[in-house]
Amino acid sequence: TVDDAAYEKFRNTVRSFAIETMPLEPGTNILGCVVAERKVHTIRTASRVSGAHALTIRRFMERKGLAKSRDESGLMDHRVTISAIEISNVVERLKNALTTRQVEERTRIPRTHLKEMISAGYLPTVTDSRNRSYAKHRFAPSDVDALMERLFLGAVDISDPDPRQWTVQRARL
């Protein structure tokens with residue numbers, strides 16, 4: 001039984017192994033001990049926690065060298081494991097990340113200009129996908145706000161423009 005003191009050393013060994021190597025959710029009871037925090041993620045669990053698609057997580061891990069590609073490893077998403085500490089920052093930032101379309105609507109920056117800003121590094125992506133032209137980028141709202149602050153630093157509102165002053169929309173044409 002769980003209360004038998006003769007097996008405590010064995011239970012601790014099995015419990016430690018399970019917590020350190022399996023993607024157990026906090027609150028899971030392992031041989032009488034409740035898991036306090038997650039130690040291991042799989043692509044699938046990171047996807048579920050962050051709300052991002054599993055392919056987004058897999059490609060991020062491949063870019064960072066944290067996992068081999070599916071073709072190389074042959075492992076499905078629920079078999080590829082990673083330390084929760086290594087990916088926790090990205091998982092947390094993906095929870096409220098914005099898509100490219102949402103950034104376009106929020107900033108009114110056209111997609112062509114936005115893609116150039118991403119590739120030039122002016123707008124960082126959560127998943128480090130800036131050099132991928134066909135990637136489905138994700139952005140932290142704080143990074144988008146910081147970009148807009150940098151763009152309009154020193155700008156002043158003008159109610160009656162001179163003939164040599166143009167609106168931003170007219171100037172970009």
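**Entry 1: Gln 102 and the ground rules**

I began with Gln 102 and found its place in helix 6 (residues 100-107), where helices are DSSP runs of H or I with at least four residues, strands are runs of E with at least two, and both are numbered from the N terminus. The model is a predicted one, so I kept in mind that local features need pLDDT of at least 70 and side-chain atom pairs count only at pLDDT 80 or more, while totals for chains, interfaces and linings use all residues. Residues are numbered from 1 along each chain as its sequence is written, and side-chain values use heavy atoms, with hydrogens and water left out.

At 35% relative accessibility, Gln 102 counts as partly exposed, a class that lies between buried (under 20% relative accessible area) and exposed (over 50%), with a 1.4 Å probe and protein chains only. I also looked up its separation from Thr 42, which is 60 residues in sequence and 28 Å in space, C-alpha to C-alpha.

**Entry 2: helix 2**

I then turned to helix 2 (residues 43-50), where the buried residues are Ile 43, Thr 45, Ala 46, Ser 47 and Ser 50. These buried residues pack against strand 3 (40-42), helix 3 (54-63) and helix 5 (84-94), with contact taken as heavy atoms within 4.5 Å. After helix 2 comes Gly 51, and I noted that its phi is positive, near 90°.

**Entry 3: nonpolar cores**

I looked next at the nonpolar cores, each a set of buried Ala, Val, Leu, Ile, Met, Phe, Trp, Tyr and Cys residues joined through side-chain atoms within 4.5 Å. The largest has 16 residues, and those with the most contacts inside it are Ile 43, Ile 57, Met 61, Ile 87, Val 90, Leu 94 and Val 126. Helix 2, helix 3 and helix 5 are the elements that give two or more residues to this core.

For Leu 94 I set aside neighbours within four places in sequence and found contacts with Ser 50, Ala 52, Ile 57, Val 126, Thr 127 and Arg 138. Another core, of eleven residues, lies apart from the largest one, and Val 103, Ile 109, Leu 123 and Val 144 are among its members.

**Entry 4: salt bridges**

How many salt bridges does the structure hold? I found eight, counting a side-chain nitrogen of Lys or Arg within 4 Å of a carboxyl oxygen of Asp or Glu.

In one of them the side chains of Arg 11 and Glu 8 meet at 2.7 Å, N to O. Being three residues apart in helix 1 (residues 8-21), the two are separated by about one helical turn. Arg 11 is buried, with a relative accessible area of 5%, whereas Glu 8 is partly exposed at 33%.

Arg 48 and Glu 25 also meet through their side chains at 2.7 Å, N to O. This pair links distant parts of the chain, with Arg 48 in helix 2 and Glu 25 in the loop between helix 1 and strand 1 (29-30), 23 residues apart. Glu 25 is partly exposed, with a relative accessible area of 38%.

I checked a further salt bridge, between the side chains of Asp 143 and Arg 93 (2.7 Å, N to O). Here too distant parts of the chain are linked, since Asp 143 is in helix 8 (residues 141-151) and Arg 93 in helix 5, 50 residues apart. Asp 143 counts as buried at 17% relative accessibility, while Arg 93 is partly exposed at 27%. Lastly, I noted that salt bridges with shared partners join Glu 8, Arg 11 and Arg 15 into one network.
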